[in-house]
Amino acid sequence: MLRNYLTIALRNLLKNKVFTLINILGVAIGMAGCLLILQYVRYELSFDRFHEEADRIYRIQYNTYQNGQQTVACAAAVPAVGPAMKNNFPEVQEYARFFPISGVMTYLQPDGTPLAFREKKMQIATPSALSMFNFPLLQGDAATALDGINKVVLSESAAKRYFGEAEPMGKTLLGSWQDVGPFIVTGVMRDVPANSHIKFDFLLSYETLNKLTDNESETAWGWYDFNTYILLDKKADPQDFQAKWDQWLAKNRKEEWEKYNYSQAFLLQPLTDIHLYSNLLQESQPEEQGNGEAVYFLLLIAGFILLIAWINYVNLSTAKSIERANEVGVRKAVGAQKKQLMGQFIFEATLVNFLAALLAVWLVVFTLPYLGTLTGRTLTLALLVQPGFWVILLILFLAGAFLSGLYPALMLSAYKPITVLRGKLHTSSGGIRLRKSLVIFQFGTSVALMAGTLVVFNQISYMMRQPLGVDITQTLVLKGPDVTDSLYTDSFNTFKTEMLRNTAISSITSSTNVPGDEIFWTNGIKRISGGPESRITIYNVGIDEDYVPSFGLKLVAGRNFSASFRTDTAAVLLNEAATRILAYTTPEEAIQQEVSLGGDTMKIIGVLANYHQMSLKQLQAPMVFRWIPAASNFYALKISTTQPSETLAQIQQEWHEFFPGNPFEYFFLDAFFNRQYQSDRLFGHVFTLFSGLAIFVACLGLFGLASFTTLQRTKEIGVRKVLGASVRSIVALLSQEFLQLILVASLLAIPLAYWVMDRWLAVYPFRIDLSWWFFALPLLLVLLIAMLTVGYQTIKAALANPVKSLRYE
C-alpha cells in the first residue's frame, strides 16, 4: 500500500513540477523561518535558567517615593536589605550581594615587568554568590574562596590573560584603588555563560569593601549600588512574603521616612524575568537587555510564516482538485474506499513536508550563524545538535503534513464517481470562499507586517536623528586614569596643555560622566528658602569649566563655571528640569539662590537648557553640575576629522608619558551614545527579515494560484480574443479578483496594525506620530507585488495564440 502511495505521489509531483517546487520551497522557507525564530526566542528565554535554583531566586528592586511620586526605580538596592530579610523572615534561606566596579588590575611578572589591564567586568561579592548561583569553580573551594579580605576569584579567560598557562592559584594582583592591598587568587571559575545577566571576570571578596567603608556597605539604608538577590524556601509564596516584608518595612522604617519625607519599597523580581522584562536604573548590562514583547512578537511572525506556507499548499491543492477529479472517480469506481483516498492525499502532503523539512534544515544550517551576527546573540550550530531542535522540527513536520493535507484529502475523497465521470463536476462555492479567505489572510498579514516594519524603522531613525541639545560629533573620549598619585592634578593640567598644542584638537574637558553614560551619583536637593518641603532626588555630574562650551550646551540664565572664581567650588549649575522640580517660575529666578545638596549649601550660578544625557527612550532627568576641575573619569577631546589615526597616535604617546601604568582606552562619543539603540536596531533588522520572508512566501503562493487560475481559463481567454478582446482587458479581467482580495485584506489589516503599533510606541516618551503613509505605502507595495506576480502569467496567457487553446473545441 505504501509503495503504491509513494509511486502515485511521485508521479503526481513530477507531473506538476512548478507547483511542486512552489509548495516545497514555500513550506521549507516557512519551516526554516519558524525554526530560526524559535532558536532566537529559545536563547532569549534561556537567560539565567542554568542556575539550579533559578525559580526560587529573586533580585531586589529598589524604589523610592517623594510626595506620592516615584523618584527612583533601580536594579541595585541598599546593602542593609539582604540581612534584614534573612534575619527576620524564615522564608529567606540566603542572600547574595554584588557591587559592580571597574579599575586597572596589575600583575607583576616574574621578571618584574608589570602586566596591566583595565577591567570592566568586576564584582565585589559575598561568599554566598558562589553557593546560591551556579558559577562552578575549576580550582579552589567555593565555601572559602571569597571568605575574608583581599581575595579574588578569576574567570578562566581572565586567568589566562594574566598568567597564561602558569598556575594562577596563590598569585597576587594589584588593584588601582587606594588603601587596598594586593588580592590573592583563591579560585578560578568557568567563564560566565553568555545567557547570564550577571557578567564578570573578577569576583572580589566583600569583606574588603566592608573594611574600607567601616561596615557601611553592610548596614546602610540609603546607599543603593548593591545588586541584591535572595533565595526563597521551596514552600515560600513570593506574594505572601512580599506582603509580610512590606509590613515589616513600614513599621521599622517609619520614623526615618517621616523625618525626611520619603518612603522606600523593595520588590521581588524573579531572576528569570530580568533579561526580558526589566528596564531599571543601574541594570548590569543595559545594552544587552532583551525585550519580552519583541520576543513574543517574533513568535507571532513565526506562526504567520508557517501558516502562510501551509495556506499556499492548501490553496494550490484545492485549486488543482478538478484536475484530479477523474483520478478519484476512476479509483472509486474500481472499489477504492474513502479512507484509502484520504491516505493517498495525506501521504502526498507528508512527502511534500518531508522534502521541505530536509531543505529547511539546510537553510537553518546555512543561515543560523548570520542570524547570530545580525542579532548580536550567541546562536551557533551547536543548537542544532540539541534534542529540542529536532523535537520542534518533528512537531512542525507532523503538524504541517496533517493540517495542510487534511482539508484537500477530505475534499478530494468526497467526490462522487458518477458526477465526476459524467463531466459534471464544478468547483464548489465553499471551496472558492475558502481560497479567497486564505488569500485575504495571507495578504492582510503581509500589509500589517510591512506597516509594522515602517513604523519600527521610522521610530528608531527618529530617535537617532533628533537634536540632543548636546554636540557629540567629532568627540574622542578617553577613559581617565585609575592609577594616580598626589600629583594627578598637575599631571592632568599639563596633559591638557599639551593636548591643546595639537592643532587637530580644538578642546579638552574632564568630567565624571559624558552623554550616554548612566549617572549613578545622586543626592537629595532642597531650596534653602521656599519651594517643595521635601528633598528631591537629583543626578550629579562633576565637570570642569570647559565642559559647557566643548559640548555646545546652551546657558539659558546665569554664567558658566570659571577658574578665576574660587567660590565656584560651592556653586552649581542646574538644568531646566531641575529648576522646574524646585518650583522656580523661570530659570532667571533660580540664579544666586541657595540650595541644600547632599548636606552642603550651594549657590546656583547658571541654568542649562535641557539636553538628552541618555537616549530618547528616557525622559530628561533633573541634573545638577558641580565644578570638579580635575575629574578623572572621562576626558573628552574635540578632534579634527583629517588624519584621525595620526592624531590618535600622538594622544596615545602623550598619555603613556603623563599617566604611566594606565591602559590607553578610548571611544568615539557618537557611537558610544548610539549603542543605547542597539537592541531597537536589532529588533528592527530581525523584524524586517522575517516579515520579508512572510511576504515572499505569500507572493510565492499567489504566483502559483495565479498560474493555475490562468491555466484553467485558457479556453475562455481564447474565446474572448477571438471575439475581439484586447490584451489589456484580459489582463484586467484576470487580475481584478486578486486585487479585490488584496484591498479587502488591507481594509481588515490596517486598523489592527495601527492599534498594535500605537501600543508599541506607547513605551517611548519621545515617539513619532502614526502617519497615513505608514499604511498606504504597504498597500501600494502589496498591490504592486501582486500585479507583477499575477501580471506575468496573465499577460503570457493573453498574448498566446487563441488557435492553440481552441484547436480541439
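What share of the contacts in the protein with a separation of 6 or more comes from residues 24 or more positions apart? Such residues account for 80% of these contacts, where contact means heavy atoms within 4.5 Å.

**Figure 1. Overview of the predicted model.** This is a predicted model, in which local features need pLDDT of at least 70 and side-chain atom pairs count only at pLDDT 80 or more, whereas totals for chains, interfaces and linings use all residues. Residues are numbered from 1 along each chain as its sequence is written, and side-chain values use heavy atoms, with hydrogens and water left out. The secondary structure comprises 26 helices and 22 strands; helices (H or I, at least four residues) and strands (E, at least two) are DSSP runs, numbered from the N terminus. Of the 809 residues in the protein, 52% are buried. Buried denotes under 20% relative accessible area, exposed over 50%, and partly exposed the range in between (1.4 Å probe, protein chains only).

**Figure 2. Packing of helix α16 against helix α20.** Helix α16 spans residues 488-501 and helix α20 residues 644-658; their axes come within 10 Å and cross at roughly 160°. α16 is therefore roughly antiparallel to α20. Axes are lines fitted to C-alpha atoms, for helices over the stretch in contact, and angles run from 0 to 180 degrees between N-to-C directions. Angles under 35 degrees count as roughly parallel, over 145 as roughly antiparallel, 65 to 115 as roughly perpendicular and the rest as oblique. Ser491, Thr494, Phe495, Glu498 and Met499 of α16 meet Ile651, Glu654, Trp655 and Phe658 of α20. By class, this contact of α16 with α20 has five nonpolar, two polar and two charged residues. Ala, Val, Leu, Ile, Met, Phe, Trp, Tyr, Cys and Pro count as nonpolar, Asp, Glu, Lys and Arg as charged, and the others, Gly among them, as polar.

**Figure 3. Surroundings of helix α3.** In helix α3 (residues 81-88), the buried residues are Val81, Gly82, Pro83, Ala84 and Met85. The buried residues of α3 pack against the strands β1 (57-66), β3 (92-108), β10 (227-232) and β11 (263-270), and against the helices α7 (216-219) and α8 (238-260).

**Figure 4. Strand β19 and its pairing partners.** Strands pair if DSSP finds at least two bridges between them. Strand β16 (residues 555-558) pairs with β19 (residues 600-608) in the antiparallel sense over three bridges, and Ala557 stands opposite Val607 in β19. Strand β17 (residues 571-575) and β19 pair in the parallel sense over five bridges; here Leu573 stands opposite Gly606 in β19. The pairing of strand β18 (residues 594-597) with β19 is antiparallel, over four bridges, and places Val595 opposite Met602 in β19. β18 and β19 form a hairpin with two residues between them, and Gly598 in the turn has a positive phi of about 60°.

Figure 5. Ser196 is found in the loop between β8 (183-189) and β9 (202-205), and Asp48 in the loop between α2 (17-45) and β1. Ser196 counts as buried because its relative accessibility is 0%. Leaving aside neighbours within four places in sequence, Ser196 is in contact with Phe47, Asp48, Phe50 and Phe135. Asp48 likewise counts as buried, at 0% relative accessibility, and has a positive phi of about 65° although it is not a glycine.

**Figure 6. Backbone at Gln592.** Gln592 is found in the loop between α19 (587-590) and β18. The phi of Gln592 is near 70°, a positive value in a residue other than glycine. With a relative accessible area of 45%, Gln592 is partly exposed.
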